[in-house]
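Me: I would like to go through a structure with you, starting with its pockets and then turning to its aromatic rings. Here it is.

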Amino acid sequence: MANELIAPHGGKLTTRLVSEQARTALCEEAATLAKIVLGVRELSDLEMLASGAYSPLQGFMGSKDYHAVVWTMHLSSGLPWTIPITLSVTSEQAVGLKEGQRVALIDAQGSLYAVMTLEEIFPYNQINEALQVYRTDDPTHTGVQTLFRQGPCLLGGPVEVITLPVTMFSKYQYSPGESRRIFAERGWKRVAGFQTRNPVHRAHEYIQKCALEMVDGLFLHPLVGETRTEDIPADIRIKCYEVLLDQYYPSQRVLLGVMPASMRYAGPREAIFHALIRKNYGCTHFIVGRDHAGIGSFYGTYDAQWIFSEFDAQALAIEPLFFEHTFYCQICGGIASSKTCPHEVSKHLILSGTKVRQMLRAGQLPPPEFTRPEVARVLSTAMKVPVIPDLID
């Protein structure tokens with residue numbers, strides 16, 4: 001049955017986590033190697049490489065793939081790929097390295113995670129990457145800000161991952177191989193993936209259930225890697241999903257998992273990136289709503305949907321499900337969109353993730369038209385907001 005699932009991007013999962021037997025030898029070798037300290041984003045990228053979620057990548061990008069992705073949104077092989085997966089170092093660090101050597105990849109505390117073969121050490125243009133990938137070089141953009149803090153040299157080459165970070169989300173941390181096995185066991189052939197970095201609300205629920213009408217199963221796959229400090233923490237978002245799934249979703253048609261990648265906030269390009277990752281996890285469809293992976297006013301409301309038309313659909317091989325901006329209509333008495341609701345905007349309740357965060361920090365709870373009472377309780381507890389029954393029941 002597993003053979004009936006969608007093929008991974010590039011044809012096969014390229015997992016980079018080594019066997020138990022190989023780990024001992026690699027640990028011994030690593031003790032003699034030069035050390036490269038990984039930041040939070042690089043550690044999450046390493047975890048994605050290890051599991052096969054970044055298939056067909058086998059490590060951090062070399063110059064051919066890097067430049068092809070930046071300028072053409074494809075790998076040098078011609079396969080669609082939109083976000084550079086890179087490891088940067090300072091000029092001083094680069095001088096002490098040479099192509100062909102092996103290095104140990106560690107975290108800031110000195111814990112060993114992988115060994116990398118340095119196939120390339122090369123310079124890159126941060127401005128070009130910013131303008132192409134993020135469509136701006138404005139340093140107030142979170143992704144651009146992170147890029148500009150990187151070193152001026154990139155290291156390219158395959159990785160051999162020895163261990164994975166321990167997180168609080170192990171219950172939901174499925175590898176692509178594991179999610180595919182579960183889909184197969186449940187008999188799901190058409191699976192819709194859903195990405196979010198915000199707490200789930202009624203508009204999310206609406207589009208998720210619309211998608212569920214079209215497919216065999218729904219893979220709720222919130223991102224739990226690094227986000228902005230002002231975003232709601234991942235553990236709170238997962239609790240919101242737990243209370244929602246407990247009462248409002250059919251348990252045998254929905255699977256909750258977590259994706260350890262970091263947010264880039266690259267808008268349209270990141271929408272393609274997220275779709276390809278979910279393809280590796282076994283999804284045949286990917287939900288794309290308004291301003292996917294956007295930030296501030298850097299991208300148009302539906303840019304993340306329009307970008308899919310720039311790719312060969314067969315090369316992407318995962319079907320996007322596009323949804324209009326949704327809202328609660330006071331006259332319709334439910335969630336609707338401009339496609340289904342004839343009423344004037346003054347009758348629409350529209351709350352952005354930013355607005356909800358502002359309400360919570362001001363001691364206000366989001367109304368039941370925006371989020372389920374159970375979710376409101378989780379958010380109020382997490383944000384230490386007093387529960388006001390008549391606002392959430």
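Me: Which residues lie nearest the centre of the second largest pocket?

Reply: Please note that this is a predicted model. Those nearest the centre of the second largest pocket are R41, E42, T146, R149 and E226, and 25 residues line this pocket in total.

Me: What is the volume of the second largest pocket?

Reply: The second largest pocket has a volume of about 530 Å³.

Me: Which elements give two or more residues to its lining?

Reply: They are β1 (34–37), α2, β3 and α6 (142–148). Helix α6 contributes the most to this lining, with 4 residues.

Me: How is the lining made up by class?

Reply: The lining of the second largest pocket comprises 12 polar, 7 nonpolar and 6 charged residues.

Me: Now the rings. How many aromatic pairs does a search of the whole structure find?

Reply: The search of the whole structure returns 9 aromatic pairs. One of them joins Y54 and W81, and because their ring centres are 6.0 Å apart with the planes at 90°, the pair is edge-to-face.

Me: Where do Y54 and W81 lie?

Reply: Y54 is in the loop between α2 (40–51) and β2 (59–60), while W81 is in the loop between α3 (63–72) and β3 (87–89), so the pair ties together parts that are 27 residues apart in sequence.

Me: Is Y54 buried or exposed, and why?

Reply: Y54 counts as buried because its relative accessibility is 1%, and the cut-off for buried is under 20%. W81 also counts as buried, at 1% relative accessibility.

Me: What about F219 and Y281: why is that pair tilted?

Reply: The ring centres of F219 and Y281 are 6.0 Å apart and the planes are at 45°, so the pair is tilted. The class of tilted pairs takes what is left once planes under 30 degrees apart count as stacked and those over 60 as edge-to-face. This pair links distant parts of the chain, 62 residues apart: F219 is in strand β9 (residues 217–220), and Y281 is in the loop between α10 (268–280) and β11 (285–288). Both F219 and Y281 are buried.

Me: Which residues form one aromatic cluster with those two?

Reply: F183 and W188 form one aromatic cluster with F219 and Y281.

Me: One last topic, charges over rings. Where does the charged end of R372 sit?

Reply: The charged end of R372 sits over the ring of Y248, at 4.0 Å from its centre.

Methods: Residues are numbered from 1 along each chain as its sequence is written. This is a predicted model: local features need pLDDT of at least 70, side-chain atom pairs count only at pLDDT 80 or more; totals for chains, interfaces and linings use all residues. Side-chain values use heavy atoms; hydrogens and water are left out. Rings of Phe, Tyr and Trp (its six-membered ring) pair if their centres lie within 6.5 Å; planes under 30 degrees apart count as stacked, over 60 as edge-to-face and the rest as tilted. Buried means under 20% relative accessible area, exposed over 50%, partly exposed in between (1.4 Å probe, protein chains only). A charge sits over a ring if NZ of Lys or CZ of Arg is within 6 Å of the ring centre and within 35 degrees of the ring normal. On a 1 Å grid over the protein atoms alone, a cavity is a set of points where a 1.4 Å probe fits but cannot get out, and a pocket is an open set with protein on both sides within 12 Å along at least five of seven lines; lining residues have an atom within 4 Å of a point. Grid points are joined across faces, edges and corners, and a volume is the space filled by probe spheres set on the points. Ala, Val, Leu, Ile, Met, Phe, Trp, Tyr, Cys and Pro count as nonpolar, Asp, Glu, Lys and Arg as charged, and the others, Gly among them, as polar.
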